Amino acid sequence: MTVSVSCEELADLREQAFQAFKYCCKNSIITNTSTITDDRYWGYLDVGMVRRLQEECGYVPPYVIEQARHLKTFNELNDVMALISKHFSQIRTDYGEVPRSLLYTFLYDYELFDYLKKADEQFDEKASGVRTSIRFDESMIIDLYGFDHATMKKKVKSFVSKASKENKWNNSKRFHLHEVIQIRETFFESLGRAETSSQAARVLTVYTQKGGVGKSHVTLSLAGALALASSSNKRVLVVDTDYQQSCTSTLVKRNLDGYFEYRQSLCVFDLFRKYTETEPTLESLSTFKEDCKSAVVETVIPNVDLLPASSDSSFDTQFSVGAGQGSKFIKPNALKVILDNICEENHYDYILIDTRPDIHASAALSYYAGDEQLAILKPTGTDVQSFRNFARRMAIDVIPTLISNRSEYTTPQKSRLIINQFLTQSQVQDSVVTILQSALKNTMYELMDVIVPNSTAATTCSAQEATIWNPAKNTTGKDDHNPLKAQRRVFSQLALKITHERMMEEGK
Ligand SMILES: Nc1ncnc2c1ncn2[C@@H]1O[C@H](COP(=O)(O)OP(=O)(O)O)[C@@H](O)[C@H]1O
Ligand SMILES: [Mg+2]
């Protein structure tokens, strides 16, 4: 609700605020914001008012001066925020434009397989216990594409040169990601592999206790890789359950002012709240279903949709996960129900859930909704320690809530560990990974053989609110080219491995 206030009233309010502050200063009773409960008064506490207080009272408590300084910052930053948003919306018009040379990466990444072949040949088990990439595997290539490596190399080259001639694409031609998806479709049709999967979505929850380990980076990069660089076009839904909105702010389409386009629609926390309020009647269940579907938005990456988060941090403080009744509890399967509702209308091959650090209601719901958990770990002492504590807390706090309540609630079938921000030159990290490999051998965690190296591409992209698949034009310059390529290679490997494993499981 907005209330319009006339100029006289404004002056009046300002005067009221001044009198309130003056009273508190004179009587030295102001020590925190709750001393003055009218929020509007704090809005008037600026440098001018502090000066006036100093003149009339002689003394202004340090608390008030601190508040004034912070409020000044708060107000000044409004303009900066608007400027940044505008800037992002402008560079976003460049996003998703990829050079012709990158078409190969998207169609059949023979450079990636050549790289794997070479790495395999050079790998010396004795010298280095750590294999940082998957093995070159000819049979996997045949499973995924229908042909061996040498044939695929020829096929993709002749496809691109034929299409270039027909469509008059020169070397400097850039493609929008939407075009890439279409070209891929034609290419896969030419291979006789234009399958459209009818399988239910596979839900991967990216979840670890620690913050800053790269959960959001992995979610975004893997989502793009599955949609753009796996063996065929996959439809992906990213669910952001972190109120810090890393995935949301990176993926949303923005309008020309830089603001999120979807502002009017529901976010994941709204759906959680609505879920708890939904009565078990046909009518309200169907309204809830509609709400779930309407909350999904398209993103800057084609074939990737988003169920956005908002900055609503209060959901996690208000709710706990449990089978109990009442407004404080939310059933463990809430997100599962929401995703089922969404999938009734939209087909997704993969759903990736990005979570907030630590064990909160939103993270627990995300965990319960997953078919698989992807845990992210940085190979440093403190991170391994916190991962160890996480495993313990999951065993003691989280799993029992679920198991003891209803047998119908399930935990993810698989839990895998991805090492992120690996320093390739560091012997210490090498040995941490070797020790981890053997320590995890008989545990529920499987260590992925694709290790994500530390990369400037990751930091550059997150500074631009972009993913490695749609960086702004000016970040793809010479210096950044190789790290970006290397990150894309790693996540392509991950995507191929995940899709291949699933293909084998489903006996296709
Ligand atoms: N492989 C990587 N190399 C370099 N920096 C990375 C890598 N992965 C993540 N980062 C950086 O680390 C920071 C935290 O990553 P983020 O994905 O936001 O972590 P989380 O979601 O676990 O809190 C970000 O600034 C991100 O750019
Ligand atoms: Mg995050």
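The exercises below, with solutions, concern a predicted model.

**Exercise 1.** Work out which side of helix 9 (residues 177-190) faces the interior, and what that side packs against.

Solution.
- Helix 9 has 14 residues and reaches 20 Å from its first C-alpha to its last, close to the 20 Å expected at 1.5 Å a residue.
- List the residues with 20 or more other C-beta atoms within 10 Å of their own: in helix 9 the buried ones are Leu177, Val180, Arg184 and Phe187.
- These four lie on the same side of helix 9, because the arc they cover around the axis is only 65°.
- An α-helix has 3.6 residues a turn, so residues three or four places apart point the same way.
- On the face turned away from the buried side, helix 9 carries the exposed residues His178, Thr186 and Glu189.
- The packing partners of the buried residues are strand 1 (97-99), helix 5 (103-107), helix 8 (149-167), strand 2 (174-176) and helix 10.

**Exercise 2.** Describe the surroundings of ligand 1.

Solution.
- Ligand 1 is surrounded by 16 residues, the closest being Gly214, Lys215, Ser216, His217 and Ala458.
- Two elements, helix 10 (215-228) and helix 19 (456-463), each give two or more residues to this shell.
- Sorted by class, the shell holds three nonpolar, twelve polar and one charged residues.

**Exercise 3.** Identify the nonpolar cores and the contacts of valine 238.

Solution.
- The largest nonpolar core has 107 residues, and Val236, Val238, Ile351 and Leu352 have the most contacts inside it.
- Helix 10 gives the most to this core, eight residues.
- Leaving aside neighbours within four places in sequence, the contacts of valine 238 include Thr219, Ala223, Leu306 and Asp354.
- A second, separate core has ten residues, among them Cys24, Ile36, Leu45 and Ala68.

Technical notes. Residues numbered from 1 in each chain as written. Chains lettered and ligands numbered in written order. Predicted model: local features only at pLDDT ≥ 70, side-chain atom pairs only at ≥ 80, totals over all residues. Near = placed C-beta within 6 Å. Nonpolar A, V, L, I, M, F, W, Y, C, P; charged D, E, K, R; others polar. Expected span 1.5 Å × (residues − 1). Buried ≥ 20, exposed ≤ 12 C-beta atoms within 10 Å, placed from the backbone. Arc of directions from axis to C-beta. Contact = placed C-beta atoms within 7 Å. Core = buried A, V, L, I, M, F, W, Y, C linked by C-beta atoms within 7 Å.
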